[in-house]
Amino acid sequence: MNESSVRTVGWARSLPMGQGVKAARDWAQEHLASLGWDETAPETVHSVLLTVSELVTNAHVHAGTDAQLVMAWDTRCLHISVHDGSASLPTPREPSEERVGGRGMLLVDVLADTWEARPCPHGKTVTACFRAPEAAAAV
């Protein structure tokens, strides 16, 4: 095998507006369990599931579109990507006592090792990355 080859395991799911965030969390939980993270890294699992909730909520509520959720594990990082149909890129906003929402991307910023938002021809994709529990402990 080529030194630059990377083995990746991935899963994808479309989440129409009518499907709630719970469906996304349950689906993600199932795949995190298949990686063994529920046993070896429960704190990371919690962070990933909260991130999934926030990104899918943003797609449904702020973008007003269906969401496509993709999880890819490349043995170093778990990439959580959510695509929606809005071209508006998210930015963390300061919390306000006058707004009920607006804290989602602040949470993602704190929970994920890194995150980015990229425009696409038909909307945008927001990706949050979580280092492997062993790799995160070694840093």
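These are my notebook entries on a predicted model of one protein chain.

**Ground rules**

I number residues from 1 along each chain as its sequence is written, and my side-chain values use heavy atoms, with hydrogens and water left out.

**Entry 1: confidence**

I looked up pLDDT, the predictor's confidence in each residue, from 0 to 100. The protein chain averages 86. I find that 86% of the residues score at least 70. Where is confidence lowest, and where highest? Helix α5 (residues 133-138) is lowest, at a mean of 54. Strand β5 (residues 123-131) is highest, at 97. Over residues 135-139 pLDDT stays under 50. For that stretch the model has 2 contacts beyond four places in sequence. I take contact to mean heavy atoms within 4.5 Å.

**Entry 2: layout**

I took helices (H or I, at least four residues) and strands (E, at least two) as DSSP runs, numbered from the N terminus. I count 5 helices and 5 strands in the protein chain. From the N terminus on, I read the order as β-α-α-α-β-β-α-β-β-α. I then checked contacts between residues at least 6 apart in sequence. Of these, 60% join residues at least 24 apart.

**Entry 3: surface**

I used the Shrake-Rupley method with a 1.4 Å probe; for residues, only the protein chains shown count as cover. The accessible surface of the protein chain comes to about 7900 Å². Carbon and sulfur atoms hold 53% of that surface. I call a residue buried under 20% relative accessible area, exposed over 50%, and partly exposed in between (1.4 Å probe, protein chains only). Of the 139 residues, 40% count as buried.

**Entry 4: strand pairing**

I counted two strands as paired if DSSP finds at least two bridges between them. I began with β1 (residues 9-15) and β2 (residues 67-73). They run antiparallel, joined by 7 bridges. Here S14 has Q68 as its bridge partner. Next I followed β2 to β3 (residues 77-84), an antiparallel pair with 6 bridges. Q68 stands opposite H83 in β3, and M71 is bridged to I80. I also checked the turn. β2 and β3 form a hairpin with 3 residues between them. T75 in this turn has a positive phi of about 75°.

From β3 I moved on to β5. These two run antiparallel, with 8 bridges. I noted S81 opposite T127, and C77 with R131 as bridge partner. Strand β4 (residues 114-120) pairs with β5 in the antiparallel sense over 7 bridges. R118 stands opposite T125 there. β4 and β5 form a hairpin with 2 residues between them.

**Entry 5: cover over the strands**

How many residues of β3 and β5 are buried? In β3 I find 7 of the 8 buried, so β3 is largely enclosed by the rest of the structure. In β5 I find 8 of the 9 buried, so β5 is likewise largely enclosed by the rest of the structure. β2 is mostly covered, with 5 of its 7 residues buried.

**Entry 6: the core**

I took a nonpolar core as a set of buried Ala, Val, Leu, Ile, Met, Phe, Trp, Tyr and Cys residues joined through side-chain atoms within 4.5 Å. The largest one has 28 residues. Which of them touch the most other members? They are L32, V52, L69, M71, L78 and I80. The elements giving two or more residues are β1, α1 (21-34), α3 (42-62), β2, β3, α4 (104-111) and β5. The largest share, 7 residues, comes from α3.

Leaving out residues up to four places away in sequence, M71 touches V9, G10, W11, W27, A28, H31, L32, L78, H79 and I80.

**Entry 7: cysteines**

I searched for disulfides, pairs of cysteine sulfur atoms within 2.5 Å. The structure holds 0. C77 counts as buried at 19% relative accessibility. C129 is buried too, with a relative accessible area of 12%.

Methods
Predicted model: local features only at pLDDT ≥ 70, side-chain atom pairs only at ≥ 80, totals over all residues.
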